[in-house]
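Reader: I have the sequence and the coordinates open and would like to go through them with you. Could you put them up here, so that we are looking at one thing?

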Amino acid sequence: MSEFNYRGGSLWAEEVPLEQIAERFGTPTYVYSRAHFERQYRAYADALGEHPGLICYAVKANSNLGILSLLAQLGSGFDIVSGGELERVLLAGGDPSKVVFSGVGKTAAEMRRALEAGVHCFNVESEAELERLDAVAAEMGTTAPVSLRVNPDVDAKTHPYISTGLRENKFGIAIDTAVDTYRRAAQSHHLKVIGVDCHIGSQLTELAPFLDALDRLLLLVDQLTAEGIALEHLDLGGGLGVRYRGEEPPPVSDYLGAVKERLGDRQLGLVLEPGRSISANGGLLLTRVEYLKRAEEHNFAIVDAAMNDNLRPALYQAWQDIVPVAPDSGESESWDIVGPVCETGDFLGKHRQLALQQGQLLAMLSAGAYGFSMSSNYNSRPRAAEVLVDGDRTYLVRARETLADLVRGESPVPEREPEE
Ligand code: LLP
């Protein structure tokens, strides 16, 4: 099921034709469907059911305030990895007591701010970080709620850049030394041990790696319980994949059903940090063909979106479908869809069979996760607009950047004094 469908020969987002959005807001523009985000969030909330716990949407996947606010309105919690993401959650009306703070490099200032705000838990990734958090909490005369991110050493069988649960990755504390670290944490007056967490990777399309990781975590939980360190929750991170092209990730209900079964009668709440599975297929990148260029080896369609707008193809050789907004009945040919950035790696898609014309609108699908949030100003390109569609309404949730935005905070230096 998709909220982006063809009607009368052109592509719509919910009840709004994309042609209308392009006319009103220009291109390139990210277009999101509110209904999609709501449906995906509810799939998690329903699958959790009466089991105590939190669905903490991973802000990094799509951190637009419009998106965060609609999730906050549904009661979602949030997984953050920086002080910036915390401010976004607060500005969007998110409840800090439903926030988990992940990430390997939290600064003392970020810890202070999160303690002031009253986050639910710090997902601590190293002993050094634990010491710093202890010191910051002591200095503030408070207690920090902590979970240790353990590295369960399982192979998530996904792209190496988005695989995080192997021993060789920089994330988490090795599971075999975690008990020692827990003992140390449990002795501190300024730390309150409340959980354990892991995140083994992203775009997983099978349950087995999640369940292997869970089994390893449960062994640890039982060992800790035997030592008198009782945890309140277990956080399995994010990682459930989506369909970009033919993948068949398991439904959320199967995933959480299997997880709850394995928890058995342990009194453990469940925290999840889904990003992509809530947002990816709720967004597309609307772009216009600027030029068609036929060369000996390849046909190139140069569009007005580029790697600075969506880095995924360049960085991970990721495949996302690219479809015409108003399909042409002409003969299709093979095209490389490329952007205006001066890099050979600047492509959105290669060898796409399409009938193209200059000036035509294209939609790059599955762009709601790690699309805008990974965008940059490379080549001094103002970042795209973002529009949220809700039924027949459209909200400009981020205005296209202006040339003034591009140089904000920068300044030329004065001329050198001539030397005597
Ligand atoms: N929790 C933690 C601690 C994470 O590191 C991540 C993602 C998530 C949750 C959310 O994972 P998700 O449910 O979205 O798979 N830029 C890459 C994906 C990087 C994921 C990083 N961590 C991409 O575009 O494929």
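This is a predicted model: local features need pLDDT of at least 70, side-chain atom pairs count only at pLDDT 80 or more; totals for chains, interfaces and linings use all residues.

Reader: Where does Gln203 lie, and what is its phi?

Author: Gln203 lies in the loop between E11 and H8, where helices (H or I, at least four residues) and strands (E, at least two) are DSSP runs numbered from the N terminus. The phi of Gln203 is near 60 degrees, a positive value in a residue other than glycine. Most residues other than glycine have a negative phi, and most peptide bonds are trans.

Reader: And what about His351, what is its phi and is it buried or exposed?

Author: His351, which is found in strand E18, has a positive phi of about 55 degrees although it is not a glycine. His351 counts as exposed because it has 10 C-beta neighbours inside 10 Å.

Reader: Which peptide bond is cis?

Author: The peptide bond from Thr27 to Pro28 is cis, with omega near -5 degrees, and Pro28 sits in the loop between helix H1 (18–25) and strand E4 (29–33). Just after H1, Gly26 takes a positive phi of about 80 degrees.

Reader: Now the ligand: how many residues surround it, and which are the closest?

Author: The ligand is surrounded by 19 residues, and the closest are Ser202, Gly238, Gly275, Arg276 and Tyr370; a residue is near a molecule if its C-beta atom, placed from the backbone, lies within 6 Å of it. Two or more residues of that shell come from each of helix H10 (276–279) and helix H11 (312–316).

Reader: How does that shell divide by residue type?

Author: The shell around the ligand has 6 nonpolar, 9 polar and 4 charged residues, where Ala, Val, Leu, Ile, Met, Phe, Trp, Tyr, Cys and Pro count as nonpolar, Asp, Glu, Lys and Arg as charged, and the others, Gly among them, as polar.

Reader: Why does the ligand lie between the domains?

Author: Domain 1 (4–32 + 280–407) and domain 2 (103–272) both give residues to the shell, so the ligand lies between them; the domain bounds come from an automatic or database domain assignment. The C-alpha centres of domain 1 and domain 2 lie 36 Å apart. Their contact takes 7 residues from domain 1 and 5 residues from domain 2, with two residues in contact if their C-beta atoms, placed from the backbone, lie within 7 Å.

Reader: What does UniProt place at Lys60?

Author: In an unreviewed entry, UniProt places the feature "modified residue: N6-(pyridoxal phosphate)lysine" at Lys60; UniProt positions are given in the numbering used here, feature names are shortened, and annotations may be inferred rather than shown by experiment. Lys60 lies in the loop between strand E5 (53–58) and helix H3 (65–73), and Lys60 is buried, with 21 other C-beta atoms within 10 Å. Leaving aside neighbours within four places in sequence, Lys60 is in contact with Val81, Glu85, Gly275 and Ser373.

Reader: Which residue does UniProt list for "active site"?

Author: For "active site", the unreviewed UniProt entry lists Cys342, which lies in the loop between strand E17 (333–338) and strand E18 (347–354). Cys342 is exposed, with 9 other C-beta atoms within 10 Å.

Reader: One last topic, helix H7: which of its residues are buried, and what do they pack against?

Author: In helix H7 (residues 178–187), Ala178, Tyr182 and Ala185 are buried. Seen down the axis of H7, these buried residues fall within an arc of 65 degrees, so they line one face of the helix; the arc is that of the directions from the helix axis to the C-beta atoms. The buried residues of H7 pack against several elements, among them helix H6 (127–139), strand E9 (144–151) and helix H8 (208–226), whereas the face of H7 turned away from its buried side carries the exposed residues Asp180 and Gln187.

Terms used
Residues are numbered from 1 along each chain as its sequence is written. A residue is buried if 20 or more other C-beta atoms lie within 10 Å of its own, exposed if 12 or fewer, and partly exposed in between; C-beta atoms are placed from the backbone.
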